[in-house]
Each structure stands twice: as C-alpha cells, then as structure tokens.
Amino acid sequence: MTLTTSWQLAPEPFDTADATALRRDYYDEVASRYWKRPATSEEIDEGLAGDGVELLTPPTGQFVVGRFDGEAAACGGLLMLDPGLAELTRVYMRPAFRGRKGAGLLLGLLEAEARQLGASRMVLNTRLDLIEARSLYVRHGYREIPAYCAGPYVEICYGKELTRAD
C-alpha cells in the first residue's frame, strides 16, 4: 500500500477567510489550554486584536497556509527580527490533520521563506504546556536557547541555524 499525502502549502495573506479561520482556531486552542477552559468568542477576538499579524508580509515576514486535500489544515508565520534573524510564530495544525506529516512540511516552507527574506537563524518562544509543539520543534532541529524576548507566555525559547542544506 502506497501512502500519499495531499499537502499543498504556500504563502497566503493573513486575512483571507481560511487564514483568518486558522488564526482563530490557533488562538482558541492555545488560550483554552492556558485557561483550562474553552475560550469565548470575545476572548478570541480580543486576543487577535492588535496582535501584529500585519507584519507577517514581506519584507518584514511571511504567513503560510497548508491545505490537505484542499481543506485548510495548518498555518504558520515568520517575523524578521533583524536582517539575519527570523522568529517562528503562530504555528498551528488543526487536530484532525495532526500525524499526517504536514507539520514538518510547514516548518520546512517557513524556514525556506525565512532564508528568502535573508534570515540565517530562526528562533521561537512557547509555553511549557504546549508539549506537542515543543516535541515538533526538537524533532526538526530546534534546540533550547536563552530567552531572546520576554512576555507572560514566554516560558522556553528555541533556535535553529538555517543552512542552505536544510
């Protein structure tokens, strides 16, 4: 039996209907896990308001949407922090699509997009309770680094050199 994947990943404006729905689902999941209860629509709206997503367009960043068999399944962004340094952000895979190898493809495309924007290193911050995300990053070559930023949800940071061989 041959396993084929039907992933299509590409840069996409952050405000398309699919990108917006994915960003809402991302915030809903991370906020609900943090608060240990379902986030309300109002809380999701508040969390997304003024979150800086408009910077995830060239030359300051990029936003990517992944589709599985045409259905919006994943998203992620990168933000250029300085000419050689990009930050991975808003990486999300809808639960129904997890385990289908799309997360690795998503990271690979985001890293390629970061290199195109001039980055030679990628960093990210996350929370300790987001175990699945942390495992994903480590599996794909990210290593724990000292904090490069501060904030209420910054509990651990990771970094990776972006070589042309990646």
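Visitor: In which helix is the place of Glu-111?
Guide: Glu-111 has its place in helix H3, residues 102-116. Helices are DSSP runs of H or I with at least four residues, strands are runs of E with at least two, and both are numbered from the N terminus. This is a predicted model, in which local features need pLDDT of at least 70 and side-chain atom pairs count only at pLDDT 80 or more, while totals for chains, interfaces and linings use all residues. Residues are numbered from 1 along each chain as its sequence is written, and side-chain values use heavy atoms, leaving out hydrogens and water.

Visitor: Why is Glu-111 called buried?
Guide: Buried means under 20% relative accessible area, exposed means over 50%, and partly exposed is in between (1.4 Å probe, protein chains only). Glu-111 has a relative accessible area of 5%, so the residue is buried.

Visitor: What joins the side chains of Glu-111 and Lys-160?
Guide: A polar contact of 3.1 Å joins them. The term requires a pair of N or O atoms within 3.5 Å; within protein, one must be able to donate a hydrogen and the other to accept it, and residues adjacent in sequence count only if both atoms are side-chain atoms. A polar atom of the Lys-160 side chain also lies 2.7 Å from the backbone oxygen of His-140.

Visitor: Where is Lys-160 found, and why is Lys-160 called buried?
Guide: Lys-160 is found in strand S7, residues 156-161. Its relative accessible area is 12%, and therefore Lys-160 is buried. The C-alpha atom of Lys-160 is separated by 4.9 Å from that of Tyr-142, 18 residues apart along the chain.

Visitor: How many aromatic pairs does the structure hold, and what makes the pair of Tyr-34 and Tyr-153 edge-to-face?
Guide: There are seven aromatic pairs. Rings of Phe, Tyr and Trp (its six-membered ring) pair if their centres lie within 6.5 Å; planes under 30 degrees apart count as stacked, over 60 as edge-to-face and the rest as tilted. For Tyr-34 and Tyr-153 the centres are 5.0 Å apart and the planes stand at 90°, so this pair is edge-to-face. The pair links distant parts of the chain, 119 residues apart: Tyr-34 in helix H1 (residues 17-35) and Tyr-153 in the loop between strand S6 (143-145) and S7. Tyr-34 is partly exposed at 36% relative accessibility, and Tyr-153 is partly exposed at 42%.

Visitor: Why is the pair of Tyr-137 and Tyr-158 called tilted?
Guide: Their ring centres are 6.3 Å apart and the planes are at 50°, so the pair is tilted. Tyr-137 lies in helix H4 (residues 131-139) and Tyr-158 in strand S7, so parts 21 residues apart in sequence are tied together. Tyr-137 is buried at 7% relative accessible area, as is Tyr-158 at 5%.

Visitor: Which residues do ring pairs link into a cluster, and what lies over the face of Phe-68?
Guide: The cluster consists of Trp-7, Phe-68 and Phe-97. Arg-100 lies over the face of Phe-68, 4.7 Å from the ring centre. For such a case, NZ of Lys or CZ of Arg must be within 6 Å of the ring centre and within 35 degrees of the ring normal.
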